[in-house]
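Here are my notes on the sheet and the helix packing. Please read them with the model open.

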Amino acid sequence: MVSELDPDRIGRIGERQFEVLCERAGLYCNKSVVDVMGWDFIVEFPMTSADPALPLDQMPTNAARVQLKSTLGRGGNRIRISLSAIDRLAKDPRPALIVVFRLRADGELQGAYLVHLVGNELARVLKRLRLAEARNARDINHSDISYDYEKVGVRFEPTPTGLTAALIAACGQNPGAYTIEKQRQLAELGYENGQYEAEALIRIDGPEHFSNLLLGLSPLKPHQLRVFDSRFGIRLPFQGTLFDDLEELHLTPPTLGSCEISIRGPGFGQAARFEGEMFIGPPMAEPHGTELLVRTAYFIIRLTPPALKFDIVSSINDMELSLGDWAELLRALTLMATGQSTLTIAGNDHIPPVTFPVDQPITGPYLEELPLISAFADGWLQLLTNAGLRSTNIFKFDAFWEASEACMAVDILLNPKSQARFEFQTLEIEQSLPLPIGLYFNSSSFADISITFSAKIFFERSDDPEWRYRSTHFEALDVRPKVNDLEEYGMDQATAYDVKLLVDPRNITLEPRIHTPKSPCNASGTVIK
């Protein structure tokens, strides 16, 4: 009767069996001479046949680190490996494998299993190492980790074909992609819920301030801040200077997803529309219960049972927006300033569409000027569209105070009851009845975009002895990107529309006025012949 093999003999038999299987499978098996690196063998696959489309310097090589364990299976289906060995093995960016040979009492191979240290099994190793660090048990040479190889491993036939198939299934055909994914897992596993946790003493000035903090509307100013690196829920004191200069931070409440906000007036005018995101505040009994927060790039809306609150996210003078964004925002503010608009929140899967009357006029600067400025922004945007132009430049609100000439172009071309007025001392054809029709042409710029335009001018006689003729209204004819030769453009327009009287823009003098924000779009003018 053959006596049971001792553990050393079992290990040597397993190693020789593994080497023989690799030889028979055409694999290159390199044994570790000094067993301190966590692996027993490096198994390399043979180079694939040359691909004419792939340069030699780009042909990949594929190999795996293997820790081999041989067992008679007397103590169940578990094997034990020192934590220090598995640490080195698992952290290798290339495939790291545990191969288990189960032998019969006489040393013959009975079964084989492969445990792949990636995904959940890699996370288990990293968690054990994090736990050892948290317990200040850094001497991991004396700690073990066990594996139920039948449960977490993949069984394969202990034949050359079976070994090859198991290794290929684990290592894949793209070593580069495998390494990238393994490096990602090494860096990110255990941080699925975030990396940093902090403890701080904060001051809360009442329920409303607390609600503002949790909604992210007021900054949280921590005192006695302690930061932790939390991985797998195991916290370690953060070592570094990343948070040394942190004076305040903003919390982000739970999101309910995207939504759409539209603001409409009482008539048939154009609405203002914005994309937003909805957040839900903490459940609070005071002062108004749970709040819903709607945030856009330009303003926030707070919804509570008793009221809706609307706030611009920053001073309008500090904002830098594109023309299209300014047009939407100014239109919204103009509609809300009337106290007769409605605000609708829709497009969210969790909250049904809801409409609120905005019957309380908003407060803020430039309320008297908003209608004029909003009308100009919409009008200039329309002229650019008609001209085939698109404005993407961003600019501050102050630019509107310098938009007199562009406002005049919008007023002449788009306003049926234009406020612009041309006055003449004489006309070239004074005895003509009816009075002749004139052609006005010019170029205007705003926000780094320029157009050239033309319009007919209709006249009437005036009782003013100084200005005997004045314009009554205009008829838009053309708008296009700015031309190089304005005089040639005017002549071409006069010929095309059979107009004899041309108003040369070089002879135009705007009426003197004090330039203040109270009159940003004054479009009156005088023509000197």
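1. Ala 112 has Phe 156 in S8 as its bridge partner. Three bridges join S6 (residues 109–116) to S8, and the two strands run antiparallel. Strands here are DSSP E runs of at least two residues, and helices are H or I runs of at least four, numbered from the N terminus. Two strands pair if DSSP finds at least two bridges between them.

2. This is a predicted model: local features need pLDDT of at least 70, side-chain atom pairs count only at pLDDT 80 or more, and totals for chains, interfaces and linings use all residues. Residues are numbered from 1 along each chain as its sequence is written, and side-chain values use heavy atoms, with hydrogens and water left out.

3. The sheet is open, with six strands in the order S1-S2-S3-S5-S6-S8 and mixed pairing. S1 (28–31) and S8 (154–156) are the edge strands, each with a single partner strand, so one side of each has no neighbour in the sheet. The twist averages 30° from one strand to the next.

4. H1 (residues 7–25) lies across S1, S2, S3, S5 and S6, at about 140° to S3. H5 (residues 160–171) lies across S2, S3, S5, S6 and S8, at about 10° to S6. Contact means heavy atoms within 4.5 Å. Angles run from 0 to 180 degrees between N-to-C directions, with axes fitted to C-alpha atoms, for helices over the stretch in contact.

5. The axes of H8 (residues 323–337) and H9 (residues 370–386) come within 9 Å and cross at roughly 145°. Residues in this contact include Leu 330 and Arg 331 in H8, and Asp 378 and Trp 380 in H9.
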